[in-house]
Amino acid sequence: MTMAFDGRVLAGVSVLAAVVEGGSFVRGAELIGITASGVSRAIGRLEARLGVRLLDRTTRSITLTDEGRRFYEQAKPHLAAIEDAAALASGAASAVRGRMKVDIDPFFLPLVLAGQLGAFCDRYPELSVEFVSREQLDDLVSDGIDLAIRFGQPRFSTLVSRKLVEAPILTVASPKYIARHGRPEHPADLARHRCLQFLDPHSGKPFEWEFVRGDRILPVETRGPLTFTDPKAMLEECVAGTGIAQVIGWGVGPLLDSGRLIDLFPDWHGELFPLFAFHPSRKHPPAKVRAFTDFCVEIIGKLR
């Protein structure tokens, strides 16, 4: 038997989305402007209408059940489309409004976007954005993530990916380090130097160092006493002379121009690290997702 359309189901899905995005009934209630008890009743009615339990509730957390996750994955893109349509029908100049949660790459946010976001806020004053940077990019839908911006090749067949740009990778050291340890003349010399490592969240191991010149690819095994998950901390240690680092080229232009860092191997430029945007919907992404993605590309274009 098919279920006839019921406007209460749509209302319940909106409440469910607020709970998932907020992480609790209380926060979900704040997001949509009703009481926590009202949220609880709405979820209960939706579960009764669908005949499945959507949420596992404990005293400390709320998580989607397997049935709830499947339902939410199918329903959320349609909510986004309705938000777009409503904004356009209201005569607004843009459909970019509401809330958006972005899982942002820990390199990209502090080294590229930080200090640039005021222009985005001015352009879209009716949109609020929450940034998170998690070690793993798992289930965007159950975590209430609208968009993820990440370096590296896509590993998630369930997500829609768009390659935004390819970033140059530079190998840099400070004059302090070179004065103390000498300057490596060739990438292979790095095996004898102290190299600052950055953790790959997917493998749980430091990123491998690779150098490209023309058609030649040269992997170099490096080691060092320090491994980071925070790129700004790694960069500060590099500037302080603690070790040699590999970094996204966009984030170090002023440091190179001022001489605080030195590009060790200008003849070995060529390794490129792709930056991707991911979103969970197989349909056309919401206007707010397109707006932020395009803004990222715009900022990158100014840095190149």
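**Salt bridges, strands and ring pairs**

Student: Which residues are linked with Arg123 in a network of salt bridges?
Tutor: The model is a predicted one. In it, a network of salt bridges links Arg123 with two partners, Glu298 and Lys302.

Student: Which helix holds both lysine 302 and glutamate 298?
Tutor: Lysine 302 forms a salt bridge with glutamate 298, and the closest N and O atoms lie 3.9 Å apart; the cut-off is 4 Å. The two residues are four apart, about one turn of the helix. Both lie in helix H10.

Student: Is lysine 302 buried or exposed?
Tutor: In the network of Arg123, Glu298 and Lys302, arginine 123 has a relative accessible area of 39% and is partly exposed. Glutamate 298, at 29%, also counts as partly exposed. Lysine 302 has 61%, and the threshold for this class is over 50%, so lysine 302 is exposed.

Student: What is the distance between the closest N and O atoms of aspartate 103 and arginine 150?
Tutor: This pair is one of 10 salt bridges found in the whole structure. For aspartate 103 and arginine 150 the distance is 2.7 Å.

Student: Which strands hold aspartate 103 and arginine 150?
Tutor: The two residues are 47 apart, and their pair links distant parts of the chain. Aspartate 103 has 0% relative accessibility and counts as buried, and arginine 150, at 7%, is buried too. Aspartate 103 lies in strand E3 (residues 98-104), and arginine 150 in strand E5 (residues 147-151).

Student: How many residues of E3 are buried?
Tutor: Aspartate 103, with 0% relative accessibility, is buried. E3 as a strand is mostly covered, and the buried count among its seven residues is five.

Student: How many bridges join E3 to strand E4?
Tutor: E3 pairs with E5 in the parallel sense over three bridges, and valine 102 stands opposite leucine 147 in E5. E3 also runs parallel to strand E4 (residues 127-132), where valine 132 stands opposite aspartate 103. The bridges between E3 and E4 number six.

Student: What is the angle between the ring planes of phenylalanine 131 and phenylalanine 292?
Tutor: The structure holds 11 aromatic pairs. For phenylalanine 131 and phenylalanine 292 the centres are 5.8 Å apart and the pair is tilted, with planes at 50°.

Student: How many residues separate phenylalanine 131 and phenylalanine 292 in sequence?
Tutor: Phenylalanine 131 is partly exposed at 29% relative accessibility, whereas phenylalanine 292 is buried at 0%. Phenylalanine 131 lies in strand E4 and phenylalanine 292 in helix H10, so the pair ties together parts of the chain with a separation of 161 residues.

Student: Why is the pair of phenylalanine 207 and phenylalanine 273 given its class, and what is that class?
Tutor: The ring centres are 6.1 Å apart and the planes stand at 85°. Planes over 60 degrees apart meet the cut-off for one class, so the pair is edge-to-face.

Student: Where does phenylalanine 273 lie?
Tutor: Phenylalanine 207, partly exposed at 31%, sits in the loop between E8 and strand E9 (209-213). Phenylalanine 273, partly exposed at 23%, is 66 residues apart from phenylalanine 207. Phenylalanine 273 lies in strand E14 (residues 272-279).

Student: Which residue in E8 is the bridge partner of aspartate 200?
Tutor: Strand E7 (residues 197-200) and E8 run antiparallel and are joined by two bridges. The partner of aspartate 200 in E8 is lysine 205.

Technical notes. Residues numbered from 1 in each chain as written. Predicted model: local features only at pLDDT ≥ 70, side-chain atom pairs only at ≥ 80, totals over all residues. Heavy atoms only, no water. Pairing = 2+ DSSP bridges. Salt bridge = Lys/Arg side-chain N within 4 Å of Asp/Glu carboxyl O. Buried < 20%, exposed > 50% of the residue type's maximum accessible area, 1.4 Å probe, protein only. Phe/Tyr/Trp six-rings, centres within 6.5 Å; stacked < 30°, edge-to-face > 60°.
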